[in-house]
Amino acid sequence: MTQIGKAISRLEGWQKVTGSAKYAGDYNVPDLLYGYVVNSTITKGHIISIDTSDALALPGVIKVFTHQNRPGLAWFDIMYTDMDAPPGTVFKPLHDNEIKYNGQPVALIVAERFEIAREASALIKIKYEEMHFETRLDRNIEKGRNAKKGLATALKPPPPKPKGDFSLAYDESPFKVATEYRHSTEHHNPMELFATTTVYEGDGKLTIYDKTQGTINSQIYVANIFGLHFKDVRVLAPFVGGGFGSGLRPQYQLFFSVMAALELKRNVRVTLDRKQMYSFGHRPQVIQKLRFAAETNGKLTALSHLALSETSQFEDYAELVAEWSHKLYPANNTLFSYKLVPLDLYTPIDMRAPGGSTALHAIECTMDELAYQLKMDPLELRLKNYAEIDPSTDKPFTSKALKDCYLKAAEKFGWNERNPEPGSMTHGNKLIGYGMATGIWDAYQFPARVEIGVNAEGKLLVNNATTDIGTGTLTVMTQIAADQFGLSLDEVTFGYGDSKKPFSMFQGGSAMTASTGSAIVIAANVLKKKLLDKAKEITNSPLKDAELKDVMFTHGRMYLKNQVEVYVMLTDIVQANKGKTIKTTNLGAPHMFDLRKYSKMTHSAAFVEVEIDKDLKTITVTRAVTAVAAGKIINPKTATSQITGSMVWGISKALYEETILDENLGKYMNMNLGEYHIPVHADIKQLEVIFVEEKDELINELGVKGVGEIGLVAIPAAIANAIFHATGKRINNLPIHFDELL
Amino acid sequence: MENFRQINLLVNKQPYTLAIKPYVSLLDALRDYLDLTGTKKGCDHGQCGACTVLVNGNRVLSCITLAVMKDGAEITTIEGIDHPLQNTFIEHDAFQCGYCTPGQICSAIGMLREGKAHSRAEVAELMSGNLCRCGASMQIIDAIMEVKSGGSNE
Ligand code: FES
Ligand code: FES
């Protein structure tokens, strides 16, 4: 094992710094037509009429598609269902004249040039009949109900049943906190605009460059809706300019690009603009009520977490919010609930650390408040309630090095220099605050199939349909594969981002390294056996009596473990196979049966320093340290970036980003990057990451847990707690604006 | 079709003549007419920096620049860049998805040439027009600081 654990720079780096990396909207295929989408300006109601005549009269406009002239499509809802669809009825673009949400796509203009299509969009005249709508969660609390169950519920079960007698225990406990938390809507805003370039190949065949986190998910969606054979639809996504969850479901530019290409029998690209990036899914608003109670010694006696979230009128999007406190802390009395309010908005969609980042903000701020009541150090309170087994299931963890995270990060940060008194630490004209919080995330793994083979040149070829959305997947998978055969990285080619490759789920939930990575190990073991069998067939094979356990691989050789000088070259084995690549395709899947007795979690601890101007109350996160326990780290360089990137997201969630909804219009008001604030370079100071040692021999073949989201979950609470420490003010709504401290 | 203007652009040392409508942005001209798709569109509103190119050596947001305004100008896009920053970006892992990267690199070259940044904080400030949603800010500034303290382009 020499590649795993090495800090390797991204293998596709050169393409990214020279502009040769091609994203979905970068394929300038011949005779390309450009599509521009027109969106509804009302929130709910009906289209009475659409006048497209002026638009059609503009030179260069080829066609305008509306619900009135769209081609006949699959009729049944089920045909529109993608792998990530929540229970309910999938939204069907241009289905009829009904408007379900503001920004709903209502027409597509196709023209010879992008700017002509855009110009034509201003010439479309639509008459609407408006209806009353509800878009405010806080005005519709009484409509809260349980989430409907469906396929997606497997990953998002309802919260656990109550334990003991919460009300009694809460009332009788000497220390208790009851608080309410809210956060605004957020939009993913990957830097890359959603785009699809559809290449019309004829004979019912399409090659599609799509911005997606799941090539096969898009392939199934297109084939089902347009009645095409799966094998005739090829979806490619070799480079994806960020996703953060927004690409987990096929978005409407895919639908429009394919529809127009099939109808016009031409190559068509549809690229959304930044404003349209706010019209297909978001992190939902959530109202959370927490009540935690403790004994005098700090031991928790009662935990309650009630969450109310929004969904659309047509699908029940759910998150895991209410259960996390009890996965961290034991208590004999619990009460959890998660309810949804359907509103006239589009269905929310997973956004980096969905549910967890929402919940941990509330939980870890409540813990901080409780610590202050108890006059106990916040870190000590966590350690006092440290769970060695998962309190919510009474199952042991496959591994849990959270204690190490706490201690290592606290030491690095200098937590013991903290004076607990709010407002007591200053630096010139700045109030200084130290805050900490815990992070937890599920160690997901999905089934994945991997094809692996050795070719005539002795190179290892590995294939899987996964994407690399900036996660480092290409580099990490290449490292994993190389180690299976003792190869250097340039002796391995990992093929990905292509629906023609063997199955992968969408890239989400921090699951890809565990999913595809484990499948590589499994397939490699099968390939080793195949290679040995073939090696034995060579005349006078020096390995003819060898068994799989006796052989090892290094730089193109298979050799006897105890006699290194006895070996066969892999190239000779392939030659004996008439030069044909020797390969196998195998399935890797979570160890469901063995793991059913365990809880599998990733953990983190974050420590944050804020500086707050005494007069202006402007807030700066000057330092943050996150320690992560995520099993084995395949590539410390790309994994560190995953964590620091998530920490930036945590800072953003705590202090910057929010989509503002106008209650009178039922629409978002800041649908651009000037008014939707995210941290700029000057806002990001010092971020430090520690990966603590965590050996996990149960979780999967590699002992990995995933690092895409764990770096985010603890940061918002750590910042809010630091702001309290600096100012004595508890601001429970995110993002925290400086004027709330004035 | 009416309203076409003929313009000349020198892009990455290659001369081009284009017949183009006056409302076509320099960004769309580069991407859709000249097939130089290394320059990215992130907002089309001058708010993200993804479309940054160098015009006569100065960093410019090509999405809020009309192509006809730059008739006769010398333009360098990421495809024409050969600069030590490209290696330090890779070395420092100064990108994840890579979508903002062409803009970051062009902007950094322009920023170093301006010569106004004298500290890490000033570099970060003067690079703040280039957003990175992947959150690679710290690594981007690290990569730029390495080149800056190496003395190149100062
Ligand atoms: S695309 Fe030009 S600044 Fe965003
Ligand atoms: S690297 Fe993805 S936006 Fe900067």
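**Exercise 1.** Find which residue in β6(A) is the bridge partner of D51(A), and then work out which strands of its sheet stand at the edges.

*Solution.* In β6(A), D51(A) has K125(A) as its bridge partner. This is a predicted model, in which local features need pLDDT of at least 70, side-chain atom pairs count only at pLDDT 80 or more, and totals for chains, interfaces and linings use all residues. Residues are numbered from 1 along each chain as its sequence is written, chains are lettered from A and ligands numbered from 1 in the order in which they are written, and side-chain values use heavy atoms, with hydrogens and water left out. Next, strand β2 (residues 45-51) of chain A pairs with β6(A) in the antiparallel sense over 6 bridges, where a strand is a DSSP run of E with at least two residues, numbered from the N terminus, and pairing requires at least two DSSP bridges. The open sheet has 3 strands in the order β4-β2-β6 (chain A), paired antiparallel. Here β4 (98-99) and β6 (125-130) of chain A each have a single partner strand, so one side of each is left without a neighbour in the sheet.

Note on methods:
Helix = DSSP H or I, 4+ residues; strand = E, 2+ residues; numbered from the N terminus.
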